[in-house]
Structure formats: structure tokens, C-alpha cells
Amino acid sequence: MSTTTAASAAHIEYVLHIADTSLILGQRLSEWCGHGPVIEEDIALTNVALDLIGQARLLLAHAGKLEGQGRDEDQLAFLRTEPQYRNLAIVELPNGDFGRTILRNFLVAAWQQALWQRLTTSSDAELAAIAAKSLKETRYHLQHASDWVVRLGDGTDESHARMQGAVDTLWPYTAEFFSAAAGDDAIEAAAIGPAWPSLEPAWDTVVRPVLEVATLSTPARTPFM
């Protein structure tokens, strides 16, 4: 595949957007290794981190092939400059306490689940295969995070206050999940994947009922800056 066309450039950017989000979140979650509140959650967060790094490896290797410049997954992961990364900003944020980490996992996993489901029918056969594998992992990530969001949000006064504070901090970043990108039209036209704004209904369907059960309120939606 030539990388000189707009569609091919958009294709690479699209894959990197997904790959870098998994890569950076996986690295952030790895910081919990040995520091979880209980050993079971220490292990759970570490396993989620390993899944995300595995997804990133597959996606970065694929992006390297699409790029056709001889860069492998390690070079793309570690030898780009900061402005060349395409991850969602939310995954870069410091972990904060356990509740904030869990809420971020929940919000991102809901986005990833909606994305992977759509990508399983991608015209890019390699991307479709990665999506099918990743979807199984992400369903576990989402269930794990959802259970904790409810448990903490609808828990003690202290846990509820912390979780509401986490919602207030993280919610504005979720607008970026659905921000239109310059290559959206080319990606959709080539049936490679969905445009980012189209993922919002599926994400809302998952996220809002859980937050309601957790007795957590969301701020008004604002554009991501």
C-alpha cells in the first residue's frame, strides 16, 4: 500500500491514535504494580496494563507495516518525539488515587469497546483481527472497572466524594473521544473504521447507566481544548 495518498496517511494516523492510547494507558497502569490497595487489585491492574501493552504492540507493528519506512513496534513506541504521539490526553494524566484510576479505566474501556466492536468488520483485515482479540480483553476491563465505579460511587461518604471528584476532573477529557479528525471521511469511505464522533451513542449507552447506579453526576459537556 502506498503511503503517499491522503487515505493512506489517514489510515496510519488512525491506527496510531488507537495504539498510542493503549500504550500510554498501559504504562500509566503499570505504575500501580506493587502499590494496589489489596493484592487482588494490584494483580488485576497489572493484568489490564499487560493487555493494553499487548494491544499496543500489535497495533504499532501494523502501523509500521502501513508506513513502509522500516520502523518496528519498538521504534514507534520509544523513538518518536512527543508531538508525534496520537493518544487521548486522558491517558497521560497522573493516576491519582485508586478511584480516579478506576474511573479513567472505565471511561476509556467503554470507548475502546465501542471502537473494537466496529473495527471487527474493518476492510483492513489485520486491524479487524486485532480488534476481535482486543474486544475480548476490553470486555473484562470494562466489567472490572464498572463494578468498582458502582462500589465506590455508591459506597461510603468518603468514597462517593472521591469518585464524584474524579468524575468532575476526568469528564471534560472525554469530549476528545468523539472529536472529529481530518481523516475521518477517508477512513469511513475506505471502510477502515468509524469516524470518532460516531462512537458517542454506544459509549453513552454503556457509561451513563453505570454512573447513575453509582449515584455520580456528570458535568455539562464542553468541547475538548
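A crossing of two helices is left-handed if the near helix is turned anticlockwise from the far one by less than a right angle, and right-handed if clockwise. The views show a predicted model, in which local features need pLDDT of at least 70 and side-chain atom pairs count only at pLDDT 80 or more, whereas totals for chains, interfaces and linings use all residues. Residues are numbered from 1 along each chain as its sequence is written, and side-chain values use heavy atoms, with hydrogens and water left out.

**View 1. Helix H5 (residues 125-153) packs with helix H8 (residues 200-213).** The axes of H5 and H8 are 8 Å apart and the angle between them is about 30° (axes are lines fitted to C-alpha atoms over the stretch in contact, and angles run from 0 to 180 degrees between N-to-C directions; helices are DSSP runs of H or I with at least four residues, numbered from the N terminus). H5 and H8 are therefore roughly parallel, a term for angles under 35 degrees, and their crossing is right-handed. In this contact (heavy atoms within 4.5 Å), H5 contributes Leu-142, Ser-146, Val-149 and Val-150, while H8 contributes Val-206, Val-210, Leu-211 and Val-213. By class, the contact of H5 with H8 has 7 nonpolar residues, 1 polar residue and no charged residues (nonpolar: Ala, Val, Leu, Ile, Met, Phe, Trp, Tyr, Cys and Pro; charged: Asp, Glu, Lys and Arg; polar: the others, Gly among them).

**View 2. Helix H2 crosses H5 at roughly 160°.** The axes of H2 and H5 come within 11 Å, and the angle makes H2 roughly antiparallel to H5, a term for angles over 145 degrees. The crossing of H2 and H5 is left-handed. Residues in the contact include Val-48, Leu-52 and His-62 of H2, together with Ile-130, His-141 and Trp-148 of H5. Classed in the manner of View 1, the contact of H2 with H5 has 10 nonpolar, 6 polar and 5 charged residues.

**View 3. The search of the whole structure finds 1 cavity of 30 Å³ or more.** A cavity is a set of points, on a 1 Å grid over the protein atoms alone, where a 1.4 Å probe fits but cannot get out, and lining residues have an atom within 4 Å of a point. The largest cavity has a volume of about 40 Å³, volume being the space filled by probe spheres set on points joined across faces, edges and corners. Leu-25, Val-48, Leu-52, Asn-105, Ala-109, Gln-112 and His-141 line the largest cavity. At least two residues of this lining come from each of H2 (39-67) and helix H4 (98-119), and H4 gives the largest share, 3 residues. The lining of the largest cavity has 4 nonpolar, 3 polar and no charged residues.

Notes: 1 Å grid on protein atoms, 1.4 Å probe; cavity = no way out; pocket = protein on both sides within 12 Å on 5 of 7 lines; lining within 4 Å. Parallel < 35°, antiparallel > 145°, perpendicular 65-115°, else oblique.
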